[in-house]
Amino acid sequence: MSTITAKDGTEIYYKDWGEGPAVTFSHGWPLNSDAWDGQMLFLLQHGFRVVAHDRRGHGRSSQATSGNDMDGYADDLAAVIESLDLDDVSLIGHSTGGGEVARYIGRYGTGRVAKAVLIAAVPPIMLKTEANPEGLPIEVFDGLRESLVKDRSQFYQDLALQFYGANRPGADVSQGILDQFWLWSMQSGLLNAYYSIKAFSETDFTEDLAKFDVPTLVLHGEDDQIVPVNDSARKSAQLIKGAKDIYYPGAPHGITATHQDQVNTELLNFLKG
């Protein structure tokens with residue numbers, strides 16, 4: 001397998017396809033880089049070099065006990081970028097991966113970055129706090145942790161329905177899409193998936209977003225049941241100077257699969273623009 005070794009010794013799996021302007025992909029919780037294959041193949045066919053890694057503790061990366069937080073995730077993304085010596089790279093993140101991209105820019109700046117894309121991303125902060133009264137209460141995330149520990153296989157099957165909006169009347173989501181979500185999720189370590197809930201829900205990315213000084217695209221489904229659009233994308237688009245934001249009416253969290261062609265077209269136009 002293709003791996004790089006993070007500074008704490010964690011082995012990070014990555015895939016690196018094609019030649020041309022580089023694009024990296026940071027995946028959502030609790031999936032792995034395979035969730036990006038529909039975008040990676042498409043952009044490869046349009047002249048881009050596409051790179052995606054499995055977050056520590058997810059997919060084919062090793063299951064580290066430490067570093068299961070946004071700083072650790074950003075450091076691993078940095079390790080991939082630096083090991084492959086990527087410059088003028090466009091960073092694309094979905095859901096938790098959007099937080100990873102934001103924290104990378106917050107910690108490392110944009111010296112190697114050309115553009116950024118946040119898709120159904122968790123910033124600025126999901127948790128309800130005094131500063132963020134529109135957020136989700138801590139009990140929501142406590143419930144995720146409880147269900148994960150009790151029966152993670154069934155939990156992931158149930159979560160897939162919300163993730164892709166398959167629980168909505170008239171939804172057209174294949175069993176294959178739901179099955180692959182379960183398969184990818186079961187490849188994540190229980191410890192890593194458990195601690196990642198705190199990372200994606202309680203991390204405040206407000207200061208990170210203020211450091212974005214590259215062209216940025218924000219995409220989000222308006223019927224996102226996982227990361228509600230009004231407390232995420234709409235706020236992020238206001239915090240990122242000059243951000244372009246696009247919203248899909250009635251669309252769920254997993255728009256990279258349910259709206260693959262639309263997302264791919266938006267990405268291509270943005271990256272080539």
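In this predicted model, Trp 29, Phe 141, Phe 155, Tyr 156 and Phe 200 come together as one aromatic cluster. The structure as a whole holds eleven aromatic pairs. A pair of aromatic rings is described by the distance of the centres and the angle of the planes. For Trp 29 and Tyr 156 the ring centres are 6.5 Å apart and the planes stand at 70°; the pair is therefore edge-to-face, since an angle over 60 degrees counts as such.

These two residues come from distant parts of the chain, 127 residues apart. Trp 29 sits in the loop between strand E3 (22–26) and helix H1 (37–44), while Tyr 156 belongs to helix H5 (residues 152–163). Both Trp 29 and Tyr 156 are buried.

Two further rings have a charged side chain over the face. Arg 55 lies over Tyr 73, at 5.1 Å from the ring centre. Lys 115 lies over the face of Phe 270, also at 5.1 Å from the ring centre.

Turn now to helix H3, residues 96–108. With 13 residues at 1.5 Å a residue, H3 should span 18 Å, and this agrees with its end C-alpha atoms, which are 18 Å apart. Eleven of the 13 residues are buried, so H3 is largely enclosed by the rest of the structure. The buried residues of H3 are Thr 96, Gly 97, Gly 98, Gly 99, Glu 100, Val 101, Ala 102, Arg 103, Tyr 104, Ile 105 and Gly 106. Just after H3, Gly 109 adopts a positive phi of about 75°.

Methods
Residues numbered from 1 in each chain as written. Predicted model: local features only at pLDDT ≥ 70, side-chain atom pairs only at ≥ 80, totals over all residues. Heavy atoms only, no water. Phe/Tyr/Trp six-rings, centres within 6.5 Å; stacked < 30°, edge-to-face > 60°. Helix = DSSP H or I, 4+ residues; strand = E, 2+ residues; numbered from the N terminus. Buried < 20%, exposed > 50% of the residue type's maximum accessible area, 1.4 Å probe, protein only. Lys NZ or Arg CZ within 6 Å of the ring centre and 35° of its normal. Expected span 1.5 Å × (residues − 1).
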